[in-house]
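Here are a few notes to read beside the model. Keep the structure open and look up each residue as you reach it.

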Amino acid sequence: MKLTFVTDVDAAKYDEFVTQHPQCNLLQSSTWADVKAEWRSTLTAVEDADGNIVVAGLVLKRPLPLGYSFWYVPHGPIGDYENVPVMQAYLRGLGNYAKKSRAIAVRIDPPVPVKQGVREDFPQEYGPEATALRESIEAAGFRHRGFFTGLHQTLQPRFMTAMLRPDDASDILKTMPRRTRDFYKRARQRQADVYRGTIDDLDKFLSVIHATEEEKDITLRPRAYYERIMNAYGDDAVLILSNLDIKNAIEEYTTQIADLAEQLEATDENAKNKRRQLTDQIKSRKKRLQEMEERHEIDGDEVTLAGCLSVSYGRGFEMLYAGTNRDYGTITAQDLVWVETLQHAFDGGADYVSLGGVDGSLEDSLLEFKSRFNAVIFEKIGEFDLVVNKPIYAAFDWYMKRKSNET
């Protein structure tokens, strides 16, 4: 079979291949290069004798001093890794291209799971397929970087989570664990609203993103980055926000307290259980009313509770960034936003929704939260490097590891 490595592939042709492939993912879309503005990029592929793409990869190129660059293929390349000759044709072609272009190294991140399952039954051992896959990639000159488990030890998390499309996706809430359903209903009862935002709502979204940054002592992205995502993907960029009309909530709780008080007054003195229930409800509403009155002094009439920015691409849907206003944590609006986001994704025909990465220990709070949404864990094979310029790469790798340790 004649195989040809090509660069500067037509974007429409490239995306047609990637969107139809089982490994389809957002980070290998041609448009992702527009989001990663600080990197240069090239769409690469291997084509057969008829000009059909059989392997594809978005290569991001990070500029370095003196005209050098570091290359990265996030969640890629996309192709049949079991067809070793075809995949090696791509990897060797990519390596030769890198050597001619002053790249110090090429890092790939094959989107191939070596284990998968739910947290409770996640496999302990690797199968022989993992060894065969690693050896086939290393035969093309790439070196496996290791089976890292830390969330920040790799450029993209090695342990990913996703919710797969259920048999009946018409009402996603029904498929959720009871705890998630309860949290969703609690948010609704606490007057939380949910809606799809636009780019004009980015400041509201950033308010909850910054709250997450402060709580976890991390620094995420500037506003311009989120703008690029929404501009680049247009209608496929989905911003779901939860809002609380504090003024309306105060009025609602005031009305509820009055109604409950009337019911209590009309209830017979001997109906002790009902009177106790009504008394508890009044006490609960008064507590909520007091909280809203206090928050009204701080936040005004309205406040954003939670948000999630996602992108639809091909057969998948990627939940990229999410945040929650911790001052209103008891309202559980994050569950409301996530359920509505998942419903939007499956209504749009997605086969899966990526919930993002988790720590490989499978014991962190992030996985605990994502498990509330039927998360399936996928452990990828890991990253591979083809080193082109050893001295400069060694310095660059040391810098990146130090930066990772500081995160």
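1. **What you are looking at.** This is a predicted model, in which local features need pLDDT of at least 70, side-chain atom pairs count only at pLDDT 80 or more, and totals for chains, interfaces and linings use all residues. Residues are numbered from 1 along each chain as its sequence is written, and side-chain values use heavy atoms, with hydrogens and water left out.

2. **The whole protein.** The protein has 13 helices and 16 strands. Helices (H or I, at least four residues) and strands (E, at least two) are DSSP runs, numbered from the N terminus. Along its principal axes, the C-alpha trace spans about 90 × 40 × 40 Å. Of the 407 residues, 51% count as buried; buried means under 20% relative accessible area, exposed over 50%, and partly exposed in between, with a 1.4 Å probe and protein chains only. Take contacts (heavy atoms within 4.5 Å) between residues at least 6 apart in sequence: 77% of them join residues at least 24 apart.

3. **Helices α9 and α10.** Two packed helices are described by the angle between their axes and the distance between the axes. Helix α9 (residues 246–266) packs with helix α10 (residues 272–299) at an angle of about 160 degrees, their axes being 9 Å apart. That angle makes α9 roughly antiparallel to α10. Axes are lines fitted to C-alpha atoms, for helices over the stretch in contact, and angles run from 0 to 180 degrees between N-to-C directions. Angles under 35 degrees count as roughly parallel, over 145 as roughly antiparallel, 65 to 115 as roughly perpendicular and the rest as oblique. Sorted by class, the contact of α9 with α10 has twelve nonpolar, six polar and eight charged residues. Here Ala, Val, Leu, Ile, Met, Phe, Trp, Tyr, Cys and Pro count as nonpolar, Asp, Glu, Lys and Arg as charged, and the others, Gly among them, as polar.

4. **Helices α6 and α11.** Helix α6 (residues 178–189) and helix α11 (residues 333–347) pack at about 110 degrees, with axes 7 Å apart. That makes α6 roughly perpendicular to α11. Which residues meet here? From α6 come T180, F183, Y184, A187 and R188, and from α11 come A333, D335, L336, V339 and E340. By class, this contact of α6 with α11 has six nonpolar, one polar and three charged residues.

5. **D385 and its arginines.** D385 sits in strand β16 (residues 384–387) and is buried, with a relative accessible area of 1%. Its side chain makes a polar contact with the side chain of R107 (2.7 Å), and a polar contact of 3.1 Å joins the side chains of D385 and R145. A polar contact is a pair of N or O atoms within 3.5 Å; within protein, one must be able to donate a hydrogen and the other to accept it, and residues adjacent in sequence count only if both atoms are side-chain atoms. Not counting residues up to four places away in sequence, D385 touches V106, R107, G141, F142, R143, R145 and Y393.

6. **Y393.** This residue belongs to helix α13 (residues 390–406). Is Y393 buried or exposed? Y393 is buried, at 6% relative accessible area. Leaving out residues up to four places away in sequence, Y393 touches I104, A105, R107, R143, R145, D385 and V387. Y393 and S69 are 324 residues apart in sequence, yet 9.8 Å apart in space, C-alpha to C-alpha.

7. **S30.** You will find S30 in the loop between α1 (11–20) and α2 (32–35). S30 counts as buried at 13% relative accessibility, and its side chain makes a polar contact with the side chain of D15 (2.4 Å).

8. **Backbone details to check.** Most residues other than glycine have a negative phi, and most peptide bonds are trans. The peptide bond from G76 to P77 is cis, with omega near 5 degrees, and P77 lies in the loop between β4 (69–73) and β5 (78–79). L362 is not a glycine but has a positive phi of about 60 degrees; L362 is buried, with a relative accessible area of 14%. N374, also not a glycine, has a positive phi of about 55 degrees, and at 28% relative accessibility N374 counts as partly exposed.
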